[in-house]
Amino acid sequence: MIQSNSVSQSRTQAQVNAFVLNVFHWMTIGLAITGLVAWTVAGSETLLQIIFGNRMVFFGLIIAELGFVFYLSARIGKLSAGAATSLFLLYAALNGATLASVFLMYTRASIVSTFFICAATFGACSVYGMITKRDLTSMGSFMFMGLIGIIIASLVNLFLRSSAMEMIITYVGLIVFIGLTAYDTQKIKHMALTQPADLDGGTIRKGAIMGALALYLDFINMFLILLRILGDRE
């Protein structure tokens, strides 16, 4: 009986580890595509002119990015694994195109140093989300409400242009995405634990893509906030 329980536990842990690694695998690919596209666009005067020289193109890309996120989240159950993966990678590429402005606004050295600081912070939050016994659901809900508040405050500050409010939004935003990273990681762990043993590979892939999208968004937003705090302007 003890041996049977031990085998069951080892299988469960192996299932969790495999799923979580798959999530981080796709998140890393998404980040790599974003970084490569951003670097490519930043180094091309033609692409910079096309994207940032025309407001319709720039805002069209932003709207397309939002559309991909909402569509992928709403239709994941009806999409094939290949379609879900393609949409995620295309979103990462579009995001890279609009984030090329980062290379124009900040020094290369500060971008690199901030990236490593962000990676370390993100990693620590993810480890906490994986190992903590505390249920982070209530914290996740609170952080999501904080995110809504940040979006509203940011829109208001477009008109007020208050530096004090911008500073508050920045630091509160950092706290929010630190909390969301831990919460999303724990949610991914619970997703792995509750997966049926006979779940097909396509469904598992789609779950991994959704988990990767959540962590990708947490990482990108945390990086941009840290860059506002730590980055040196060109």
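A residue is called buried under 20% relative accessible area, exposed over 50%, and partly exposed in between, with a 1.4 Å probe and protein chains only. The structure is a predicted model, in which local features need pLDDT of at least 70, side-chain atom pairs count only at pLDDT 80 or more, and totals for chains, interfaces and linings use all residues. Residues are numbered from 1 along each chain as its sequence is written, and side-chain values use heavy atoms, without hydrogens and water.

Phe144 belongs to helix α7, residues 137-160 (helices are DSSP runs of H or I with at least four residues, numbered from the N terminus). Because its relative accessible area is 46%, Phe144 is partly exposed.

Thr170 sits in helix α8, residues 163-193. With a relative accessibility of 9%, Thr170 is therefore buried. Beyond its neighbours within four places in sequence, Thr170 is in contact (heavy atoms within 4.5 Å) with Ile225, Arg228 and Ile229.

The second largest pocket has a volume of about 370 Å³. A pocket is an open set of points on a 1 Å grid over the protein atoms alone where a 1.4 Å probe fits, with protein on both sides within 12 Å along at least five of seven lines; lining residues have an atom within 4 Å of a point. The volume is the space filled by probe spheres set on the points, which are joined across faces, edges and corners. Of the 17 residues that line this pocket, Gly35, Phe103, Ile111, Phe115 and Phe223 are the closest to its centre. Two or more lining residues come from each of α1 (2-42), α5 (101-105), α6 (108-131) and α9 (201-230); α1 gives the most, with six residues.
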